[in-house]
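Here is a short report on a protein model. It covers a sheet and a cavity.

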Amino acid sequence: MSRYRLLPTPAQEAVLRDHCGHARYVWNLAVEQHSHWRPGRASAPGYLEQCRQLTQARAEHPWLAVGSQTVQQQALRDFAQAMTAFFDPGNPAGRPSWRKAGRHEGFRIVGRGRQWDVRRLSRKVGQVRVPKAGWVRFRWSRAVPPDAKSYRVTMDRAGRWHIAFAVIPAPVPAPGNGQAVGIDRGVAVSAALSTGQMLHAPALTGRERTRLRRLQRKLARAKRGSNRRGRVRHAIARLRARESDRRTDWAEQASTGIARRFDLIRVEDLQIGNMTRSARGTRENPGRNVRAKAGLNRGILGSGWGLLVRRLEDKAPGRVEKVRPAFTSQRCSACGQVDPKSRESQAVFRCTACGFACHADVNAAKNIAAGHAVTARGGDGAARPVNREPHLLLQSA
Ligand SMILES: [Zn+2]
């Protein structure tokens, strides 16, 4: 996904905001229809039925009818895809939820040539055609992928518009050196490689964090609906957007580097979607352990781990293997001994049997590289969370 800063004129911005509002309305309508659904009941209306209902709704509501049908239909299609992902047991996606004004603003356009197109005006400026808005300028900060089939326009909480052209990233060719690497997700260190290399996802600087805390205190004191509150929220949103931009860039670069250097990439199968799910819960466990998980969730999301793994899977298709994480950090990567006491501290691993010492995350990464689905005392290899390492979950909770 390559993202560009979109620069609409005020008139175009009004059209884009309408598109966002319509897409959100239609999406939320679909959420509402599906929210009454429980296993065993007759199914909620599918995409085709919803499209017929949309036609009806447009006939009844002029404000909806003046909007772009493409935008509205696409919102339904996105929702149908999100539901499919939700029901796929192999996919960590959660149940599609309500979209809120000011928070989830965006819409998608497909159909290049018919509905949209892109052209370059000058070295630094491009234009994209948006239904009902015409040609909208954007910063040509890098080449637009020629095979882009669709795009998504979003407005972040800071009021900045972006456009992302959807394209499956070209796979990075394997180096052909036969080397495997293991990657361990850490909370303090973003990722440790079995080679000993540590990857740190960028975060806000100390000064930025101080500023963020100050703004958050200000926000708590500001009166609801006041101008001051709006300004403070805007400033907070800008800081958050800066942080997420940095992390996205980091994940792109790190994943390309790893895909280039190793033939086989093994990562822990942490099912980050499950671990970071909020009160909505999972399919199996609706909304349990919500508070206990919150601390770790922030750590995992903050480390950019999920993003890194997704990018690796895009760039090295068929070369990424997920390894069950059980005991990877209690097992000695030199002699194979499993002993919780070997993990001296969060950072230090020292084997109680052979004396091998190493950074704890690197030791775990080496186990992952070797593809050990370690099962200690009682784990049978097939049963899932029998012996899941408890400290992995407790580290920063
Ligand atoms: Zn050992």
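How many bridges join strand 11 to strand 12? Strand 11 (residues 264–268) and strand 12 run parallel, joined by 4 bridges.

## Basis

The model is predicted: local features need pLDDT of at least 70, side-chain atom pairs count only at pLDDT 80 or more, and totals for chains, interfaces and linings use all residues. Residues are numbered from 1 along each chain as its sequence is written, and side-chain values use heavy atoms, without hydrogens and water.

An open sheet is formed by 5 strands in the order 10-9-8-11-12, with mixed pairing. Strand 10 (198–199) and strand 12 (320–323) are the edge strands, each pairing on one side only. R266 stands opposite E321 in strand 12.

Strands (E, at least two residues) and helices (H or I, at least four) are DSSP runs, numbered from the N terminus. Two strands pair if DSSP finds at least two bridges between them.

## The second largest cavity

The structure holds 2 cavities of 30 Å³ or more. A cavity is a set of points, on a 1 Å grid over the protein atoms alone, where a 1.4 Å probe fits but cannot get out; lining residues have an atom within 4 Å of a point. Points are joined across faces, edges and corners, and the volume is the space filled by probe spheres set on them.

The second largest cavity holds about 40 Å³ of space. Its lining is A23, V71, Q74, A75, D78, R99, G106, F107, R108 and R152. Helix 4 (69–87) and strand 2 (105–109) are the elements that give two or more residues to this lining. Helix 4 gives the largest share, 4 residues.

The lining residues divide into 4 nonpolar, 2 polar and 4 charged. Here Ala, Val, Leu, Ile, Met, Phe, Trp, Tyr, Cys and Pro count as nonpolar, Asp, Glu, Lys and Arg as charged, and the others, Gly among them, as polar.

Technical notes. 1 Å grid on protein atoms, 1.4 Å probe; cavity = no way out; pocket = protein on both sides within 12 Å on 5 of 7 lines; lining within 4 Å.
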